[in-house]
Structure formats: structure tokens, C-alpha cells
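Student: Could you walk me through this structure? I have not looked at it before, so please go slowly.
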Amino acid sequence: HWEGDLLAGSGNTHVATLVERRSRYTILVKVKSKDTATVVKALQRRVRTLPSQLKGTLTWDRGMEMASHSSFSVATDVKVYFCDPQSPWQRGTNENTNGLLRQYMPKGTDLSRFSQKQLDHIANSLNGRPRQTHGFDTPASIIHQALR
């Protein structure tokens, strides 16, 4: 099951973040704007590439970028759930990951300057980072074990 959000940068730029709850495996998706059609289409493209055993649910905050969540669910077979208002703790894994991402993309950074290849590199760096919560195993290792 996944948690998602939009990481905001300067000049109304954004990157979509997806984090698998158990492993903390991170996927970053370049989005050109935060309107619902753009965000949903970008997320659909990425989520469709996931193995079926990794498709479960997606928990999102209450932002308008997922107003077309039903079309996302139909296209990806992933149900979308929304947090209660002002309850970011209901997506705690994603909030923590967004904090880690600020090491690579500080607040005030123009996120449009990052290519999808650069975002993939940042995600791979996080996914290869040992986590104390996993006995110092990496998110990539945990997700690969789950796929076996």
C-alpha cells in the first residue's frame, strides 16, 4: 500500500511522491503542473509499470490534484483513500520521506529543473539508504524480497 503527495518547489513547481508503507520504497514522478489531469495522468503512467503484487491502495491528502481519483483507480486498479482534514500523520511514511527529499531538493528549489532521470537517481539513492527501522536493511532490498 502506498502513500502519496506533491512536493512543492518555487514558482509553483511540483514533484509527485509515492512511498510504499512497509518497505518505505520511494518513487518520484515529474509533473508539469498540479492540476488534476496532469497529476493523475503522470501517476497512472508510473503506477501501471508496477508489478501487480505491489498494487494495493494509495492514501493521499485532500488536495485537488487527485480530484479525478476515480479515473486513476479505473486505469490502475489501485483504490485511492483520502486523509482526514489537517491529519498529515495519516500519511506519516510519506511525510517523513518528503523531509528526507528536502536534503536533495531544499525548500525554494525550482523543481521543474529536475528531469525524470534525475528524480529516479534521487529515489534510487533513498531506496539504497539503510534504515534503522528495517534493522539497517534498505527499502530496495525489502521490496525485492516482497516480490520473490
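Tutor: Arginine 91 forms a salt bridge with glutamate 95, and their closest N and O atoms are 2.6 Å apart; a salt bridge here is a side-chain nitrogen of Lys or Arg within 4 Å of a carboxyl oxygen of Asp or Glu. This is a predicted model, in which local features need pLDDT of at least 70 and side-chain atom pairs count only at pLDDT 80 or more, while totals for chains, interfaces and linings use all residues. Residues are numbered from 1 along each chain as its sequence is written, and side-chain values use heavy atoms, with hydrogens and water left out.

Student: Is arginine 91 buried or exposed? And what about glutamate 95?
Tutor: Arginine 91 is buried, with a relative accessible area of 2%, whereas glutamate 95 is partly exposed at 32%. Buried means under 20% relative accessible area, exposed means over 50%, and partly exposed lies in between, using a 1.4 Å probe and protein chains only.

Student: Which residues are joined with Arg91 into one network?
Tutor: Salt bridges that share partners join Asp5, Arg91 and Glu95 into one network. In the pair of aspartate 5 and arginine 91, the closest N and O atoms are 3.7 Å apart. That pair links distant parts of the chain, since aspartate 5 is in strand S1 and arginine 91 is in the loop between S5 and helix H3 (92-101), 86 residues apart. Helices (H or I, at least four residues) and strands (E, at least two) are DSSP runs, numbered from the N terminus.

Student: How many salt bridges are there?
Tutor: The count comes to three, and one of them is between glutamate 3 and arginine 21, at 2.9 Å from N to O.

Student: New topic: in what order do the strands of the sheet come?
Tutor: Five strands form an open sheet in the order S3-S2-S1-S4-S5, with mixed pairing; two strands pair if DSSP finds at least two bridges between them. The edge strands are S3 (26-31) and S5 (79-82), each of which pairs on one side only.

Student: How do S2 and S3 pair?
Tutor: S2 and S3 are antiparallel and pair over six bridges, and threonine 17 has leucine 28 in S3 as its bridge partner.

Student: How many residues of S3 are buried?
Tutor: Five of the six residues of S3 are buried, so this strand is largely enclosed by the rest of the structure.

Student: And what do the buried residues of H5 pack against?
Tutor: They pack against strand S2 (14-20) and helix H4 (116-127), where contact means heavy atoms within 4.5 Å.
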